[in-house]
Amino acid sequence: MPEIRLKNLTKRFGKTIAVDNLDLVIQEGEFVTLLGPSGCGKTTTLRMIAGLETPSEGEIYIDETCVFSSEEGIDISPDKRNVGFLFQNYALWPHMTVYKNISFGLENLKWDKKKIKIRVEELLNMLRIAEYGDRYPSELSGGQQQRVAIARTLATGPKILFMDEPLSNLDAKLRMEMRTELKRLHMETDSTFVYVTHDQLEAMTLSTKICLLDEGLLQQFAPPLDIYHNPSNHFVADFVGSPNINILEARGNNVNLDEIKLDSGSLEFLFAPTTSSVNIRSNQKLLLGIRPEDIEITDKGDIQGKVYSTLPSGMETIVKIDVNNIILTCVVFGGVDFEMGTNVKIAFKSENNVLFDRVSKLNIASGRLM
Amino acid sequence: MKAFLKKPQNVILLSLAFILVYLTVVPMITIILDTFTVHQSELMRVKGSKVGDLTLYHWGKVLFSSSSKKIFYEPFLNTLIVSLGTCFVAIGLGGLVAWLVTRTNIRFKGIISTLFIFPYIMPSWTLAMAWLNFFKNSRVGGAPGIFTALFGIETADWFAYGPFPIIVVLGLHYAPFAYILIGGILRNMDANLEEAALILKASRGKIMRKITIPIVLPAILSTFLLVFSSAMSAFAVPAFLGTSVRYQVLTTQMFRTLNGLNPGYGYIMALLMIGIGILILGVNQKIIGTRKSFTTITGKSSNIAYINLRNFKIPISVALIVFIGMVCILPLVTFAIESFIMEPGNYSWSNFTTLFWVGEGNPQIANGEPGILRNPTIFNGLWNSIRLSISVAFIAGSVGILAGYAIVKKKGTRLSTMVNNLAFFPYLMPSMAFGAIYLSMFAIKRGFIPSLYGSFALLVLVGAVKYLPFASRASVGAMHQLSNEIEEAGTIQGIGWTKRMLRIIIPIQKSSFISGYLLPFISSMRELSLFILLVTPSTRILTTMLFQYNEKGWSQYANAINLLIVLFVVGSSLIVNRVTGASIDKGIGGH
C-alpha cells in the first residue's frame, strides 16, 4: 500500500520554479532520501508533503487520503496530517526544559499526566539523555540537542517521519554515530522515513531508495546501488560517489556488430555494452564514465600512465594518474602508497562503465572497456 | 605601558574614559552637590546661612514638606501613569504591526514598514500639535479645532487635554520603536520553532501563548523598559497637551523650577529620574542574561511560511494603511491648513491667507512678524538648526565609530565595559536635566574651558554627548558582526591603523556607521527639551522658536515651522536611506 503519493507537484516562488512537476510514490516502511545540491527543491518538497509550504500545483496523498489538491482546493493543515518533522536546526523551544519540549506534543493529544511521564522517560532513556530532563536547550551540546529533537518527534509515535538535514549541524564523528542510530530507529519504529540531505554518502548509506533532484526536476528514483551503478544521466553519475566518477569526452562509432569504438583524442577504447546493443550516429559526441574503483593499477595493464598524486588514508589510497595529459582518479584498497612521478600501468576491470550522450547527457549503455 | 599605548584601541578607550567621565560623571556629581547647597535665592528661607553652605533644605522641601505633594509626588505619579500608558499603546500597536508584517501575508508590507517609522522620525510634539489642531475645544484653548469645525461637536476636556491625549500621542510616537525592536526579534526568531509546535498538533492560539510570546517576551520587556524611560523623559508632548489643564509631569515641573523658582528642586527631580533610568537599565540587563532567554540556535530561518489571513487579508491591510495614513500624513495636512488661516478656528475659504508664509508683517497681527519665508529670524533659526545637527552628528557619529571599534576590540576588559557603560549613560539622563546640568556646569570658566554660556559650542557639546549612545550602539553592533580576522589580514600586510579603518573597516560596515550619524542628526534636528534651557536669542534654533511661538499663541507660525521641520527631517532621512542604505532602525538595534 503506497504511503505517500505525489502527483504533478509544482512549487513556484515568484518566477523561479523550486519543484517542477514531481511524481513520486513512497511505500510504507521505506527510508527515502531526497538528495540533491543546495537549491534543488528537496527541502521545499519535504515541507510541502508535511503541509508547511503550500504547493502551486499538484496533489499529495498520505495513506490514500488526499491532503492537498490544487484543483479541488484541498489543503489539510500540518497538524492533521499525522506526521513527525525533525528540523535541521532542531527547533527546540529555548524557554522549555528538555522534559517540557518532549511532553508538549503529548499534552496536545490530551494524554494524562502519568502516561506522559512514562512515555517521556522511556524516550529519555532510549536516546540516552535521561540526566538532562531538567536542562534548557541552551545548556546542551549539539549532539544532545539533536537527541532531544528526535525524542520530541518520536514522542507521539508518528507513522511517517520527515527529517530535514538533521545531521548537518553535527561534527563528523557524531554524524557517523547518529547515522547508525537513525538506521536502527527506522527498523525499531517501523515507520516511513523521508529524509532530506545534500550529502550523497548519507543518502547512499541510509536509504532504501534515493530520490535525486536537480533544479526542481526529478533525476532518478531508485535504490542506492542502482543509482550508483546505473545512473540515469551524467548529473546523477557525477553527484553520487566519492571520489567522483571519471568522465572522459569521446567520439564514438559503431563497430563489429554491437561494439562502440571510442576516441578521446589521446586514448582509444573499445566499448562492449552489457545492457543491450546500441546504435549511435557516426562520430556521436559521448561522455564515458569510469568509477575510480574500476581502474586497476597492475603490471598486466596495457595503458601507460604516471602517478600524478596520491592520498593514502590507511584503508584505501586515492591515486591520480596522468595518462597522456588526461587525469584519471583510481582507488586502491589497503595501505599501499605510490611514489609520485613513477610510471604505472592501468587496466579497466568492470562491466559498469557508463556511456552518456554529450548533448542530452542521458545514459546510453553500460559496458566493458577493452 | 609603552606597548599598551601603542595599540590604538587602548588610546581610544583611555581618552574616551577620561573625556566621558568629565562630561557625564562630573556633571552628575556637580548637581548632586548643588542639591545640598544654599543659593543666593534661598538665603532668606534657610535661616542663618550664607551662599555655598551645605543644607538639606531642597531635599526636605521636595520630598518631605507640606508642598511636596504639589511639587513632586503629583507630577511623579502623573509621570508613572503617562509612561505606563505609553508603553501599553506603543507595544500593543508596534508589536501587532511587527507581527502582521513578519508573520502574515498582509499586503503593502513595503509601504507599511516605511510609513510606520514616520512618527518616530517626526518630532514627538508633531502629533501633539496635530491633536490640538484637530481636537482642541474652545473651553480651554481659545479657538476650536478642525473636528469641532467640521462636525459641530465640542470635544470633551479629558479627550482634548491631559493624560489621555498625552498617552495616545506618546504611544503613537514610540510605537515604531517597539515595532523595530520586536520586529527584529520576530524576523530573527526561527519560524521552525512555531512549525514544530504546529506539527505536534498545537492550535494557533496555543502556539501564540506557549511558543511565540514566551520567546519574544524578553525583547518585549526590554522594549517596555526603553519606551518607559523615553516616555518618562518626554517634555514637549506633556507641555503641549497638559499645561493648559495644569497637568504636570516631572519634566514639565522641572522646566518650571529650573527656569525660575528654584533650580535645586529641578536637580533633585533630575537625579530621581536618572536613578529610575539606571534601575531600568539594570533590570533590562538582568532579563537579557537569564538562561531561558532567546539563544540563537544556528540554522536557516528563511523558510518562513506566512500565516494566511484569508478573508481578513484585504480588510486588515486596508485598515492598517488608512490608520498609518491618519497618523503620518494627516498631521502634516493639518499643519498646512492651520498655517494658512487668518483667524484660528474659522475654516471658511475667505479666512485663508498666505500672510504667515510670505506676508510682509502686519503690525496688528503677531507684533508685525513677517511670514516665515521672508523672516530673517526664522532663516537664522533654520541655519542654526542645520549647522547644529550637522556638527552634533559629525562629532557623535565619529566618536561613536571609534568607541565601538575600541569597545569590541577589547571586549571583556574592565576598561571596555566601563567606556561602553559611560557611552550609554547619557541615554538615561532626561534631556531637560542634561541641559540643565550643562547650563550650570559650563556657565563659568572651568580649567582651560572658557565659560560657554550662550555659545553655540555649548549646544553642540550637549547634543554630541547626549546622542553618543545612538552612534556607539550602532557601531558596537556593526563591529560585532565583523570578524577580527578581516582587520588582522590587513595588519599582517603591514597596513597602518588609519588606513585599516578608512579602507577596510568603515567601508565594510558603511551603512551601519552612517546610521550612527543619521540618528544624532535627526534627533538634534527635532530636539526641544535638551536645548530649551541653553539657547539665547543669537543661538535660537527652529524647535525652540516653535515652542516660543506656540507659547505666545501664534499657532499659525508654529504650524508652519513644524511643517518645515517635519519635511526637512523626513526628507533628509529618506534621502540618506536611499543613497546609502543606512536607516534609523539599524541604529536602534533592529535589522
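Reply: Let's start with "contact": two residues are in contact if their C-beta atoms, placed from the backbone, lie within 7 Å. Bear in mind that this is a predicted model, where local features need pLDDT of at least 70, side-chain atom pairs count only at pLDDT 80 or more, and totals for chains, interfaces and linings use all residues. Residues are numbered from 1 along each chain as its sequence is written, while chains are lettered from A and ligands numbered from 1 in the order in which they are written.

Me: How many residues does the contact take from chain B and from chain A?
Reply: Chain B gives 23 residues and chain A gives 27 residues. On the side of chain B that touches chain A, the elements giving two or more residues are α12 (191–199) and α13 (204–232) of chain B.

Me: What makes a stretch a helix or a strand?
Reply: Both are DSSP runs, numbered from the N terminus: helices are H or I with at least four residues, and strands are E with at least two. By that count, chain A has eight helices and 22 strands.

Me: How do you know that Ile372(B) is buried?
Reply: Count C-beta atoms, placed from the backbone: 20 or more others within 10 Å of a residue's own means buried, 12 or fewer means exposed, and in between is partly exposed. Ile372(B) has 24 within 10 Å, so it is buried. Ile372(B) sits in the loop between α19 (355–358) and α20 (376–409) of chain B. Leaving aside neighbours within four places in sequence, its contacts include Phe356(B), Trp357(B), Tyr557(B) and Ile561(B).

Me: And why is Tyr120(B) called buried?
Reply: Tyr120(B) has 22 other C-beta atoms within 10 Å, so it counts as buried too. You'll find Tyr120(B) in helix α6 (residues 118–121) of chain B. Not counting residues up to four places away in sequence, Tyr120(B) touches His173(B), Pro176(B) and Phe177(B). Tyr120(B) and Cys328(B) are 208 residues apart in sequence, yet 9.9 Å apart in space, C-alpha to C-alpha.

Me: Why is helix α7 (residues 124–135) of chain B described as largely enclosed by the rest of the structure?
Reply: Because 12 of its 12 residues are buried. Among them are Trp125(B), Ala128(B), Trp131(B) and Phe135(B).

Me: What makes a set of residues a nonpolar core?
Reply: The members must be buried Ala, Val, Leu, Ile, Met, Phe, Trp, Tyr or Cys residues, joined through C-beta atoms within 7 Å. The largest such core here has 263 residues, and Ala128(B), Val227(B) and Ile561(B) touch the most other members. Domain 1 (2–239) and domain 2 (246–369) of chain A both give residues to this core, so it lies between them. Those domain bounds come from an automatic or database domain assignment. As for Ala128(B), its contacts beyond four places in sequence include Val169(B), Ala236(B) and Phe240(B).

Me: How do you know that strand β8 (residues 160–164) of chain A is mostly covered?
Reply: Five of its five residues are buried. Ile160(A), Phe162(A) and Asp164(A) are on one side, with Leu161(A) and Met163(A) on the other.

Me: What makes β8(A) and strand β7 (residues 83–86) of chain A a pair?
Reply: Strands pair if DSSP finds at least two bridges between them. β7(A) and β8(A) have four, in the parallel sense, and Phe85(A) stands opposite Phe162(A). β8(A) also pairs in the parallel sense with strand β9 (residues 192–197) of chain A, over five bridges. Here Asp164(A) stands opposite Val196(A).

Me: Why is a crossover called right-handed?
Reply: Because, with the strands pointing away from the viewer, the path from the first strand over the helix to the second runs clockwise. β8(A), helix α5 (residues 172–189) of chain A and β9(A) make a right-handed β-α-β unit.
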